Amino acid sequence: MDWFELIWNYYLTLIPYFSPGAILQIISHGFIGAALFFLAGTGYDRLRLLYLDQMGGMAILMPKIFTVFSILSMASLALPGMSGFVAELMIFFGILTSQKYLLMTKILIIFLNTIGIILTPIYSLSMLRQMFYGYKLFNTPNSYFFYSGPRELFISISILIPVIGIGIYPDFIFSFSVDKVEAILSNFF
């Protein structure tokens with residue numbers, strides 16, 4: 001998810017039709033973003049490299065981190081079965097079924113969301129390709145490289161489980177948030 005899409009969806013929470021999907025998108029972004037930042041920090045602890053053009057070929061050397069990083073990157077792309085997919089689907093259905101806006105406004109909103117949906121895979125997949133399958137093989141003599149330990153796997157999987165859980169059963173989040181959101185929106189509408 002890019003920042004434009006996240007901020008746009010945050011503002012859509014003020015409209016009753018979009019609020020469940022937008023709130024789910026914000027929660028999903030929190031889980032996925034935290035996990036990806038954690039894994040990026042884990043990669044930096046191992047490699048001591050900051051730039052993508054210095055990395056490459058890490059999939060063979062770090063298979064567990066590669067697997068979890070790839071799954072979470074796909075979750076960021078709104079892969080079906082993940083929390084981002086449910087959120088984006090609800091936002092699109094909320095836009096299409098809204099009686100509040102004219103057709104041209106709906107088309108503009110969907111176009112702006114689609115830009116984020118198109119740009120996110122371009123960035124994410126090119127980043128994965130460069131880091132894990134890049135042409136420059138991992139070759140740093142002073143690296144602190146070692147395989148991912150139980151700490152990294154425990155934290156990564158602990159964040160991955162809610163991402164998949166929300167994607168399979170989003171009503172769990174709605175059971176906590178619907179009443180509170182309706183109370184807030186009743187003040188505005």
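Buried means under 20% relative accessible area, exposed means over 50%, and partly exposed is what falls in between. Keep those cut-offs in mind. This is a predicted model.

The structure holds one salt bridge. Glu152 and Arg151 form it, and their closest N and O atoms are 2.5 Å apart. How exposed are the two partners? Arg151 has a relative accessible area of 49%, so it counts as partly exposed. Glu152 has 4%, so it is buried. In general, side chains of opposite charge can pair when their charged atoms come close.

Next, the helices. Helix H2 runs over residues 19–47. Just after H2, Arg48 takes a positive phi of about 60°.

There is another positive phi to show you. Ala78 has a phi near 65°, and it is not a glycine. As background, most residues other than glycine have a negative phi. Where is Ala78? In the loop between H4 and H5. Its relative accessible area is 17%, so Ala78 is buried.

On to the record. The unreviewed UniProt entry annotates "transmembrane region" at residues 20–39, 108–133 and 153–174. How do the later spans look in the model? Residues 108–133 are 100% helix and 0% strand, with end C-alpha atoms 37 Å apart. Residues 153–174 are 91% helix and 0% strand, and there the ends lie 29 Å apart.

Now the packing. The largest nonpolar core has 24 residues. Which members touch the most others? Leu39, Met58, Phe69, Leu72, Met131 and Phe132. Two or more residues each come from H2, H3 (58–61), H4 (63–76), H6 (103–133) and H7 (150–168). H4 gives the largest share, six residues. Take Leu72 as an example. Beyond four places in sequence, Leu72 touches Ile32, Ala35, Leu36, Leu39 and Leu160. Apart from this core lies another, of six residues, among them Leu24, Val86, Ala87 and Phe174.

Ser83 sits in helix H5, residues 83–97. Is Ser83 buried or exposed? Its relative accessible area is 0%, so it is buried. What does Ser83 contact, leaving aside neighbours within four places in sequence? Ser28, Ile32, Val163, Ile166 and Gly167.

Last, the rings. The structure holds four aromatic pairs. One of them joins Phe66 and Tyr133: edge-to-face, 5.5 Å centre to centre, with 85° between the planes. Phe66 lies in H4 and Tyr133 in H6, so the pair ties together parts that are 67 residues apart in sequence. Tyr133 has a relative accessible area of 55%, so it is exposed. Ring pairs also link Phe66, Phe69, Phe132 and Tyr133 into a cluster. Phe69 and Phe132 come back here from the core: they were among the members touching the most others.

To recap: one salt bridge, four aromatic pairs, and a largest nonpolar core of 24 residues. Thanks. I'll take questions.

Definitions and conventions
Residues numbered from 1 in each chain as written. Predicted model: local features only at pLDDT ≥ 70, side-chain atom pairs only at ≥ 80, totals over all residues. Heavy atoms only, no water. Helix = DSSP H or I, 4+ residues; strand = E, 2+ residues; numbered from the N terminus. Expected span 1.5 Å × (residues − 1). Buried < 20%, exposed > 50% of the residue type's maximum accessible area, 1.4 Å probe, protein only. Contact = heavy atoms within 4.5 Å. UniProt positions renumbered as here; feature names shortened; annotations may be inferred. Core = buried A, V, L, I, M, F, W, Y, C linked by side-chain atoms within 4.5 Å. Phe/Tyr/Trp six-rings, centres within 6.5 Å; stacked < 30°, edge-to-face > 60°. Salt bridge = Lys/Arg side-chain N within 4 Å of Asp/Glu carboxyl O.
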